[in-house]
Amino acid sequence: MGNLLIVIFLTFLFSIFLIYLIQKTSKRKSTEEEKIPIAPALQHLDLDQFFAIGCELLEKMGLKILNSYRTEDNEIDIFAENPTPIVGGPFLAHLILYPEGAQVTSAEVQNFASNLIGERRGKGILITTGFFAPDVAMLPELPPMEMIDGKRLAELMRQHGISGPGAAG
């Protein structure tokens, strides 16, 4: 009986030690995206300014804006179409305004993918001022969509000659 109690006690101590090790090693480390500061043109935007930038970018990329509506306090859906024959068609753009360092989760990407299918849009464009969580890359097959994070958005703005609200003046 005494040996059994010792084995149970040692097993208990070993279990506590394993739990400690798992907690210690499973803490999420910051990703490279989190260390990149948000582009100056995208800092301190309100939703209306972000919407204007998003619409201007989509139009300069050849899309025609059809309609838009606010889905959340920091999110807007834009219905657009590419009028080009054969390769054109309907698009749904989803804009998410996040503060510096915030990430779009895989659940948010999956939600947008579901909306894209539900709205019967040919292609989606998910644009955020933040960045995408690392697990987004591991999502199973998604409908055709482009995911544009804050860094890529700043590059596209420069490429298409779009300045942020702070640059005017």
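These are my notebook entries on one predicted model, going from the whole chain to a few of its parts.

**Entry 1: the chain as a whole**

I began with the overall make-up. The protein chain has five helices and seven strands. Along the sequence they come in the pattern α-α-α-β-β-β-β-α-β-β-β-α. Of the 169 residues in the chain, 35% are buried.

**Entry 2: strand β5**

I asked how many residues of β5 are buried. Five of the six are, so the strand is largely enclosed by the rest of the structure. Next I looked up the pairing of β5, which spans residues 123-128. With strand β3 (residues 89-96), β5 pairs in the parallel sense over six bridges. In that pairing I noted L95, which stands opposite I127 of β5. With β7, the pairing of β5 is also parallel, over four bridges. Here L126 has M147 in β7 as its bridge partner.

**Entry 3: helix α5**

I turned to α5, residues 150-159, and listed its buried residues: G150, L153, A154, L156 and M157. Viewed down the helix axis, these fall within an arc of 165°, so they line one face of α5. On the other side I found R158 and Q159 exposed. What covers the buried residues of α5? The cover includes α3 (47-60), β5 (123-128) and β7 (145-148). The strands β5 and β7 in that cover are the parallel pair with four bridges from my previous entry. After α5 comes G161, and I noted that its phi is positive, near 70°.

**Entry 4: D77**

D77 is in strand β2, residues 75-82. Is D77 buried or exposed? I find it buried, with a relative accessible area of 4%; the cut-off for buried is under 20%, so D77 qualifies. Which side chain makes a polar contact with that of D77? The partner is H94, at 2.4 Å. I also listed the contacts of D77, leaving aside neighbours within four places in sequence. They are N67, S68, Y69, T71, L92, A93 and H94.

How values were computed. Residues numbered from 1 in each chain as written. Predicted model: local features only at pLDDT ≥ 70, side-chain atom pairs only at ≥ 80, totals over all residues. Heavy atoms only, no water. Buried < 20%, exposed > 50% of the residue type's maximum accessible area, 1.4 Å probe, protein only. Helix = DSSP H or I, 4+ residues; strand = E, 2+ residues; numbered from the N terminus. Arc of directions from axis to C-beta. Contact = heavy atoms within 4.5 Å. Polar contact = N/O pair within 3.5 Å; in protein donor to acceptor, adjacent residues only side chain to side chain. Pairing = 2+ DSSP bridges.
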